[in-house]
Amino acid sequence: MQVITKNENKILLLIKNNLDKYPEKIPYNKIKDILELSETSLIDLLEALQEKNFIKLDSDAKEVHYLDLYLETKVVEDKSALKSYMLNKTEEDAYVIIQNVISKYNGYAPRYVLEGALLYGELELSPKRTYNIIVSLENKNLLKKVKRADGEYYTI
């Protein structure tokens with residue numbers, strides 16, 4: 001599922017509604033005129049849609065080619081809501097990984113193993129991001145740090 005902003009959704013809806021006139025591509029000046037967007041904001045929105053694999057932007061010909069307009073989407077208000085949603089999504093993914101690691105260690109996973117799973121596992125988080133997610137999960141009482149004689153451990 002792709003998470004898009006309201007403005008990105010407006011562009012997708014405009015393209016979908018004009019597929020009969022423009023079956024394979026649409027000039028991006030047409031999008032700009034219909035939605036009354038500035039050139040720079042239009043380019044930013046189109047590049048964001050290109051990164052999410054909905055369209056392919058041809059800047060030289062000033063055309064938008066369609067890749068997959070019907071990907072499953074979730075529409076959020078703006079970029080700040082998008083960041084917030086993605087943060088929560090990353091926390092959810094990290095929590096699933098943490099649950100798996102802790103279950104392999106009979107309820108208490110060593111700190112270095114847990115952090116290593118987040119740093120070098122499928123999420124490949126940065127050290128700062130790993131720390132922030134662990135602290136966030138601790139603050140939400142989803143994760144608990146336990147000190148034992150042989151080191152620090154985490155449990156659910």
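Setting aside its neighbours within four places in sequence, Thr-5 is in contact with Leu-45, Val-75, Val-76, Asp-78, Lys-79 and Leu-82, where contact means heavy atoms within 4.5 Å. Thr-5 belongs to strand E1. Helices (H or I, at least four residues) and strands (E, at least two) are DSSP runs, numbered from the N terminus. Is Thr-5 buried or exposed? Thr-5 is buried, because its relative accessible area is 6%; buried means under 20% relative accessible area, exposed over 50%, and partly exposed in between, with a 1.4 Å probe and protein chains only. Between the C-alpha atoms of Thr-5 and Glu-63, which are 58 residues apart along the chain, the separation is 21 Å.

I should state the basis of these values. This is a predicted model, in which local features need pLDDT of at least 70 and side-chain atom pairs count only at pLDDT 80 or more, while totals for chains, interfaces and linings use all residues. Residues are numbered from 1 along each chain as its sequence is written, and side-chain values use heavy atoms, with hydrogens and water left out.

The pLDDT is the predictor's confidence in each residue, from 0 to 100. Its average over the protein is 85, and 96% of the residues score at least 70. Confidence is highest in H1, at 90, and lowest in helix H4 (residues 79–104), at a mean of 78. Where pLDDT is low, the predicted coordinates should not be read in detail.

Within helix H4 we find Thr-90. Thr-90 counts as buried because its relative accessibility is 16%. Apart from neighbours within four places in sequence, Thr-90 has contacts with Leu-123, Leu-125, Arg-129 and Ile-133.

The 12 residues of H1 should span 16 Å at 1.5 Å a residue, and its end C-alpha atoms are 16 Å apart, which agrees; the expected span is 1.5 Å times one less than the number of residues. The buried residues of H1 are Glu-8, Asn-9, Ile-11, Leu-12, Leu-14 and Ile-15.

Helix H3 (residues 39–51) has 13 residues and reaches 18 Å from its first C-alpha to its last, close to the 18 Å expected. Its buried residues include Leu-42, Ile-43, Leu-45 and Leu-46. What do the buried residues of H3 pack against? They pack against strand E1 (2–5), helix H1 (6–17), helix H2 (28–35), strand E3 (55–58) and strand E4 (63–66). After H3 comes Asn-53, with a positive phi near 65 degrees.

Positive phi values also occur in loops. Glu-36 has a positive phi of about 55 degrees although it is not a glycine, and its place is in the loop between H2 and H3. Glu-36 is exposed, because its relative accessible area is 71%. Glu-124, likewise not a glycine, has a positive phi of about 50 degrees; Glu-124 is in the loop between helix H5 (111–120) and helix H6 (127–139). Since its relative accessibility is 61%, Glu-124 counts as exposed.

I come now to a sheet. Strands of a sheet pair through backbone hydrogen bonds, either parallel or antiparallel. Here an open sheet of 3 strands has the order E6-E8-E7, with antiparallel pairing; two strands pair if DSSP finds at least two bridges between them. Strand E6 (109–110) and strand E7 (144–148) are the edge strands, each pairing on one side only. E7 is joined to strand E8 (residues 151–155) by 5 bridges, and E7 and E8 form a hairpin with 2 residues between them.

Two of the residue pairings deserve mention. Lys-147 has Glu-152 as its bridge partner in E8, and Arg-148 has Gly-151. Glu-152 is partly exposed, with a relative accessible area of 23%. Not counting residues up to four places away in sequence, Glu-152 touches Ala-109, Pro-110, Arg-111, Lys-145, Val-146 and Lys-147. The C-alpha atoms of Glu-152 and Ala-81, 71 residues apart along the chain, are separated by 35 Å.

Finally, the rings. Which residue lies over the face of Tyr-108? Arg-148 does, at 4.4 Å from the ring centre, and Arg-148 also lies over the face of Tyr-153, at 5.0 Å from the ring centre. The criterion is that NZ of Lys or CZ of Arg is within 6 Å of the ring centre and within 35 degrees of the ring normal.
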